[in-house]
Amino acid sequence: MCVFASDDKALWGSSALRKAKKPSCPKVFGIRLEDCQPAVNHKFVPLIVEICCGMVEASGLECTGIYRVPGNNAMVSNLQDYLNQGLDINTAAERWQDLNVISSVLKSF
């Protein structure tokens, strides 16, 4: 049985919390739903949901299995990282052109 002194435990806990905190930036993934950036048309819907659904509705309704076929894992991770950096969302950019990646990002949200 391992017993820790209360001082050691307190020091470890506070240093772990200090290391875990990073400068705040507008993230999309890994945050509480209440903290997500709201959509333009509906304040109770996250912006990323509005954008992804709009793109699927605009050009993906003719595709078979749009939410069943997964997107490329590397592209999905790349897009998630891009969104977590808080950069401007330009849906005309190349990273936004694969609807399977967009639907996978939406499903992962």
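How many aromatic pairs does the structure hold? I looked this up and found one aromatic pair. The term covers rings of Phe, Tyr and Trp (its six-membered ring) with centres within 6.5 Å; planes under 30 degrees apart count as stacked, over 60 as edge-to-face and the rest as tilted. The ring centres of Phe-29 and Phe-109 are 6.0 Å apart and the planes stand at 75°, so I put the pair down as edge-to-face. Phe-29 sits in the loop between helix H1 (6–20) and H2, and Phe-109 in the segment after H4, so the pair ties together parts that are 80 residues apart in sequence. Helices here are DSSP runs (H or I, at least four residues), numbered from the N terminus.

Notes on the source. I am reading a predicted model, in which local features need pLDDT of at least 70, side-chain atom pairs count only at pLDDT 80 or more, and totals for chains, interfaces and linings use all residues. Residues are numbered from 1 along each chain as its sequence is written, and side-chain values use heavy atoms, with hydrogens and water left out.

Entry on confidence. pLDDT is the predictor's confidence in each residue, from 0 to 100. I noted a mean of 78 for the protein, with 76% of its residues at 70 or more. Confidence is lowest in H1, at a mean of 47, and highest in H4, at 92. Over residues 1–23 pLDDT stays under 50, and the model has zero contacts there beyond four places in sequence. Contact means heavy atoms within 4.5 Å. Where pLDDT is low, the predicted coordinates should not be read in detail.

Entry on burial. I used relative accessible area: buried is under 20%, exposed over 50%, partly exposed in between (1.4 Å probe, protein chains only). Phe-29 is buried at 13%, whereas Phe-109 is partly exposed at 31%. Gln-80, in helix H3, is buried at 19%. Leaving out residues up to four places away in sequence, Gln-80 touches Phe-29 and Ser-108.

Entry on helix H4. Which elements cover the buried residues of H4? I found helix H2 (47–59) and helix H3 (73–84) among them. H4 spans residues 99–108, and seven of its 10 residues are buried. One of these is Ser-103, with a relative accessible area of 0%. At the N-terminal end of H4 I found a cap: a side-chain oxygen of Asp-98 lies 3.1 Å from the backbone nitrogen of Asn-100.

Entry on the core. A nonpolar core is a set of buried Ala, Val, Leu, Ile, Met, Phe, Trp, Tyr and Cys residues joined through side-chain atoms within 4.5 Å. The largest has 19 residues, and Ile-48, Cys-52, Leu-79, Leu-83, Trp-96, Ile-102 and Val-105 touch the most other members. H2, H3 and H4 are the elements that give two or more residues to this core, and H2 gives the most, with seven. I then looked up Val-105: beyond four places in sequence, Val-105 is in contact with Phe-29, Cys-52, Val-76, Leu-79 and Leu-83.

Entry on cysteines. I found zero disulfides, taking a disulfide as a pair of cysteine sulfur atoms within 2.5 Å. For Cys-53 the closest cysteine sulfur is in Cys-52, 7.0 Å away, too far for a bond. Cys-53 is partly exposed at 26% relative accessibility, and Cys-63 is partly exposed at 39%.

How values were computed:
Polar contact = N/O pair within 3.5 Å; in protein donor to acceptor, adjacent residues only side chain to side chain.
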